[in-house]
Amino acid sequence: MNKITDFYDLSKKGTLIVSTYRSGTHFLGDTLVNHLRENYGQLRLVIDADEVEDLEFLQVPSYSYEVVILNSLKPKIPLVKEQSLLDDWHVVKLTRNNKQAHWISYYIWCYFNTKKQQVDNSNLPHHGGTQDKYAHIKPAVVDISRIEQWLLEQYLVHLFNSDVIIDYTNLHNLEGTEFKWNPNDYGLGVEDLFVNHLEVKNLLQKYNI
């Protein structure tokens, strides 16, 4: 079981959470920031857990401790080759190895973001809810190459060296925090969302990491 203290090192510039979308990065980041502020806020400035889209975070002033979320693909590519740039960072690798649950969460998140101008957000909660909330989402034929591309992005995370690794399924077991855990449970399977669900399921089962 991981403790919240595993996820920071105050001798470093900050904590870098390397992951992908829909893996619990904001839960972990916000939990960590709150812990740091409660315990070290008088000693050191703790900067909010923000997602980064470029490598500017490497220039963070040393007087602050920044919690950085790296979900985006673009900055990961140069960093995989130049991981020495992260020597001054406490690197946390956050995985979500159940790829069926991860893909469903990602798909609904994308659906929510593309449809949010047309639907009442309360009727399409992208952080989980009962199955009836998603009954209006009609099963679609998903492009398998889209899932394959998505899986490649997942593997990129595993190429990073890290100081600590935790999987999504273990976030609710963090010692040293009282934060409420939201498991993003939709009560849905791939058969509920995709016409070609057998093909989707076979692919995701094959590439569980």
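User: Happy to dig in! About how many helical turns separate Trp103 and Tyr107 in helix H3?

Analyst: Good place to start. This is a predicted model, in which local features need pLDDT of at least 70, side-chain atom pairs count only at pLDDT 80 or more, and totals for chains, interfaces and linings use all residues. Residues are numbered from 1 along each chain as its sequence is written, and side-chain values use heavy atoms, with hydrogens and water left out. Because Trp103 and Tyr107 are four residues apart in helix H3 (residues 99-115), their separation is about one helical turn.

User: Are the rings of Trp103 and Tyr107 stacked, edge-to-face or tilted?

Analyst: Rings of Phe, Tyr and Trp (its six-membered ring) pair if their centres lie within 6.5 Å; planes under 30 degrees apart count as stacked, over 60 as edge-to-face and the rest as tilted. Here the centres are 6.3 Å apart and the planes stand at 40 degrees, so the pair of Trp103 and Tyr107 is tilted.

User: And which kind of pair do Trp103 and Trp150 make?

Analyst: Their ring centres lie 5.1 Å apart, with the planes at 65 degrees. Trp103 sits in helix H3 and Trp150 in helix H4, so this contact ties together parts that are 47 residues apart in sequence. Both Trp103 and Trp150 are buried (under 20% relative accessible area, with a 1.4 Å probe and protein chains only; exposed is over 50%, partly exposed in between). Because of the angle between the planes, the pair is edge-to-face.

User: How many residues of strand E1 are buried?

Analyst: Helices (H or I, at least four residues) and strands (E, at least two) are DSSP runs, numbered from the N terminus. From E1 (residues 14-18), Gly14, Leu16 and Val18 point one way and Thr15 and Ile17 the other, and all are buried. The strand is mostly covered, with the buried count at five of five.

User: Which residue in E4 is the bridge partner of Ile17?

Analyst: Two strands pair if DSSP finds at least two bridges between them. E1 runs parallel to E3 (residues 64-70), joined by five bridges, and Ile17 stands opposite Ile69 there. E1 also pairs with E4 in the parallel sense over five bridges. In E4, the partner of Ile17 is Val92.

User: Which side chain meets Arg37 in a salt bridge?

Analyst: A salt bridge is a side-chain nitrogen of Lys or Arg within 4 Å of a carboxyl oxygen of Asp or Glu, and the whole structure has two. The contact made by Arg37 is 2.9 Å, N to O, and its partner is Asp48. This pair links distant parts of the chain, eleven residues apart: Arg37 in helix H1 (residues 25-40) and, in strand E2 (residues 45-51), Asp48.

User: Is Lys201 buried, partly exposed or exposed?

Analyst: Lys201 meets Glu191 in a salt bridge of 3.7 Å, N to O. Lys201 lies in helix H6 (residues 197-206) and Glu191 in helix H5 (residues 190-193), ten residues apart. Because its relative accessibility is 26%, Lys201 counts as partly exposed.
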